[in-house]
Amino acid sequence: MLAQGSLTKSEAVARALSNNYGIRVAGLQVEAASANNTWGTAGALPQVGINAVSSSAVSDQSENPTSFIQERLASESVNLGGQVSWTLFDGMGMFANKRSLEAIEAQSEGQAMLVIEQTVEAVMLGYDEVLVQEALLAVLKASCALSRDRLTWLERKADLGSSGTFERLQFENSLLADSTAYIQQTVARTVAMRNLNRLLGESEDYFWQLTSPLESPGILADRDVLDREVRSNTTGVTNALLAEEITRIGVDQARSRLYPVLGLSSSFGDQRSEFSAGELSGSGRTVNTAAGLSLNFNLFNGGTTRRAIQQAQIQVEMAALDVENQQQAASQVFRNAWDRYQTQAAVHGLNERALSNARQTLKMAEERLAYGTISSFEFRDVQINLLRSEAEVLRSLQAWLAAWTGVQRLRGALRTSLKEE
């Protein structure tokens, strides 16, 4: 892998916000919705068009005995025109359309925010995963060094005739097992780094020196306080509220069809022409100007408008139910994350105590091994127990951090605007 210097967790998040493929696509979708949010799209602006037509015709009748005028006839004309049409009133439908476009743009930003939050959470967890794999690699490296030192010690004892081949082979096998685990853990660290680079939008061959330590998470506020915050502020709920607002605007759009449509139209035409027939020639000009008001009112369309209003009102009720469902779902996800946070905090504390005991046990086992009161098999069991304890501490800390990060995402703490990037 290619070395790329140091990388803090906040720098990793910043790189993901700039380079992550999902975030970049979400940003383009927001730009598309923003470009569509105009009064012209809503139908409130006039439509203006111009046209120009030029024509030229020649008819040679000089050798046509049946023609009334036996001359070469030529004519040219240029016709310039313009039209303007403007809907002055459509039952306030154009204003409802504009509000709908604004809500759609906000909804697009909300969807982008959801992608951002999920990506930031994934980057933070991916960063921690690399730290855990590197820590496990360091543990195995230390275990290899310990086994190697023990093997060297036994070889010296064998030279003095105070140690047998069986015990030496036992420690050699321990060293081989630890070396195998070390090689496998190197691959696991590489895979974790590759996954992190994928989230950052960087080349998968980059290798970063991660400088943010793997620390215990902060203390969470009261559960009920956070629960209320999540039910009102989580991105899923805010997006559902926006969807509900769009359906309410849809009712106004449907009701606008109950009103007449008043439109203004005008046109202008300027036609210039020239004519020649032998020695005769002439020119002319015609100017046409027109303006008009139109009033369209659909008195009866078989109940189509009424049915559209009823369907829009049903959509509002469905959207309101979805808001309630999203609130309950967010509350449930939060409570699960809260329980995991509390559980992993307790488990991590117990694992740290177990690790402390395992380290003390290893020191005692080293002394007993030196005096020959325990066998190499018993010492290896103590060594393996220490490795497991160190791995359990790292994994419980990682799970604790994951639960804390999940709560932060739900309460909106990982929210970052695309416009700031």
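## A pocket and its lining

R257, L258, F297, N298, L299, F300, N301, G303, T305 and R306 line the second largest pocket. Its volume is about 200 Å³. By class, 4 lining residues are nonpolar, 4 polar and 2 charged. Here Ala, Val, Leu, Ile, Met, Phe, Trp, Tyr, Cys and Pro count as nonpolar, Asp, Glu, Lys and Arg as charged, and the others, Gly among them, as polar.

Pockets come from a 1 Å grid over the protein atoms alone: a pocket is an open set of points with protein on both sides within 12 Å along at least five of seven lines, where a 1.4 Å probe fits, and lining residues have an atom within 4 Å of a point. Grid points are joined across faces, edges and corners, and the volume is the space filled by probe spheres set on them.

## Model and overall make-up

This is a predicted model: local features need pLDDT of at least 70 and side-chain atom pairs pLDDT 80 or more, while totals for chains, interfaces and linings use all residues. Residues are numbered from 1 along each chain as its sequence is written, and side-chain values use heavy atoms, leaving out hydrogens and water.

The protein has 9 helices and 6 strands (DSSP runs numbered from the N terminus: helices H or I, at least four residues; strands E, at least two). Of its 421 residues, 35% are buried (buried is under 20% relative accessible area, exposed over 50%, partly exposed in between, with a 1.4 Å probe and protein chains only). Among contacts with a separation of 6 or more, 82% join residues 24 or more positions apart (contact: heavy atoms within 4.5 Å).

## Nonpolar cores

The largest nonpolar core has 21 residues, and V120, V123, L196, L200 and L210 touch the most other members. At least two residues each come from α1 (9-19), α4 (93-159), α5 (165-200) and β4 (206-210). The largest share, 8 residues, is from α4. A core is a set of buried Ala, Val, Leu, Ile, Met, Phe, Trp, Tyr and Cys residues joined through side-chain atoms within 4.5 Å.

What does L196 touch? Leaving aside residues up to four places away in sequence, L196 touches V123, G126, Y127, V130 and L210. Another core, of 15 residues, lies apart from the largest one; W338, Y341, L397 and L401 are among its members.

In α1, the buried residues are K9, A12, V13, A16 and L17. They fall within an arc of 135° seen down the axis, so they line one face of the helix. The arc is that of the directions from the helix axis to the C-beta atoms.

Helix α6 spans residues 223-233, and L226, D227 and V230 are buried there. These residues cover an arc of only 105°, which puts them on the same side of α6. On the other side, R228 and S232 are exposed. An α-helix has 3.6 residues a turn, so residues three or four places apart point the same way.

A320 lies in α8 (residues 304-371). It counts as partly exposed because its relative accessibility is 31%. A320 and A240 are 80 residues apart in sequence, yet 8.3 Å apart C-alpha to C-alpha.

Helix α9 (residues 376-410) holds I384. At 27% relative accessibility, I384 is partly exposed. I384 and S174 are 210 residues apart in sequence and 9.7 Å apart in space, C-alpha to C-alpha.

E390 is also in α9. Is E390 buried or exposed? E390 is buried, because its relative accessible area is 16%. Leaving aside residues up to four places away in sequence, E390 touches V139, L355 and R359.
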